[in-house]
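Visitor: Please take one part of this model and look at it closely. I would like to know what it packs against, and what follows along the chain from there.

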Amino acid sequence: MSDIVATPLPGDTVRITTDPHTEPFWQAAKEDRLVACQCADCGHFRMPPTPFCPECQSTEKKWPELSGRGTVYSFAVVHGFPGLPDITVVGAVIDLAGASPARLVTNVVDIDPDEVAIGMEVEVRFSPITEGWKLPVFRPVTD
């Protein structure tokens, strides 16, 4: 175990853009809620959101609120970032509980990077970024 703790990027370095297909996700995150795009016709979850359902080609969407839990599907540890040589970031793909097969590309935080593992249970927290938005990041489940 090292003294290194994975953190999100400083909020002032993260900028997002939205469009009609992603806006509901970002608005929910701003309210500390995790949602996923679900086809309103066939029920298929998809992330990132797309104009058409890949299963039935419907354009109808709904955005159910999720539990905020998931499991690490894949991850990579990054030591240093342009302009931030001392930061350690764990980029990860998270299987979202209750929204299979949807996955979210994000970060795992508040953990020694050596302890992150595929299959690890994680829960969401929201990290403030530019322009009042919030970024969903995940940390190990603590209960």
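Predicted model: local features only at pLDDT ≥ 70, side-chain atom pairs only at ≥ 80, totals over all residues.

Guide: Helix α1 covers residues 23-30, and its buried residues are Phe25, Trp26, Ala28 and Ala29. Viewed down the axis of α1, these buried residues fall within an arc of 160 degrees, so they line one face of the helix. The general rule behind such a face is simple. An α-helix has 3.6 residues a turn, so residues three or four places apart point the same way.

Two of those residues deserve a second look. A search of the whole structure finds one aromatic pair. The partners are phenylalanine 25 and tryptophan 26, with ring centres 5.1 Å apart and planes at 85 degrees, so the pair is edge-to-face. Phenylalanine 25 and tryptophan 26 are both buried.

Now the end of the helix. The charged end of lysine 30 sits over the ring of tryptophan 133, 4.1 Å from the ring centre. After α1 comes aspartate 32, with a positive phi near 60 degrees. Most residues other than glycine have a negative phi, and most peptide bonds are trans.

Next, the strands under the helix. Strands β7 and β8 run antiparallel and are joined by seven bridges. Is glutamate 131 buried or exposed? At 66% relative accessibility, glutamate 131 counts as exposed.

Strand β7 has another neighbour. Strand β4 (residues 69-81) runs antiparallel to β7, and three bridges join them. Here glycine 70 has valine 122 of β7 as its bridge partner.

The loop between β5 (84-96) and β6 contains proline 101. A cis peptide bond joins serine 100 to proline 101, with omega about 10 degrees. Further on, the charged end of arginine 103 sits over the ring of tyrosine 73, 3.5 Å from the ring centre.

Proline 48 is in the loop between β2 (45-46) and β3 (61-62). Glutamine 57 has its place in the loop between β2 and β3. Phi of glutamine 57 is positive, near 65 degrees.

Last, the cysteines. A disulfide is a covalent bond between the sulfur atoms of two cysteines. How many disulfides are there? The count comes to zero. The cut-off is 2.5 Å between the sulfur atoms. The sulfur of cysteine 39 has its closest cysteine sulfur in cysteine 56, at 3.6 Å, which is too far for a bond. The sulfur of cysteine 53 is 3.6 Å from that of cysteine 42, its closest, and again too far for a bond. Cysteine 39 counts as buried, at 0% relative accessibility. Cysteine 53 also counts as buried, at 1%.

Notes
Residues numbered from 1 in each chain as written. Heavy atoms only, no water. Buried < 20%, exposed > 50% of the residue type's maximum accessible area, 1.4 Å probe, protein only. Helix = DSSP H or I, 4+ residues; strand = E, 2+ residues; numbered from the N terminus. Arc of directions from axis to C-beta. Pairing = 2+ DSSP bridges. Phe/Tyr/Trp six-rings, centres within 6.5 Å; stacked < 30°, edge-to-face > 60°. Lys NZ or Arg CZ within 6 Å of the ring centre and 35° of its normal.
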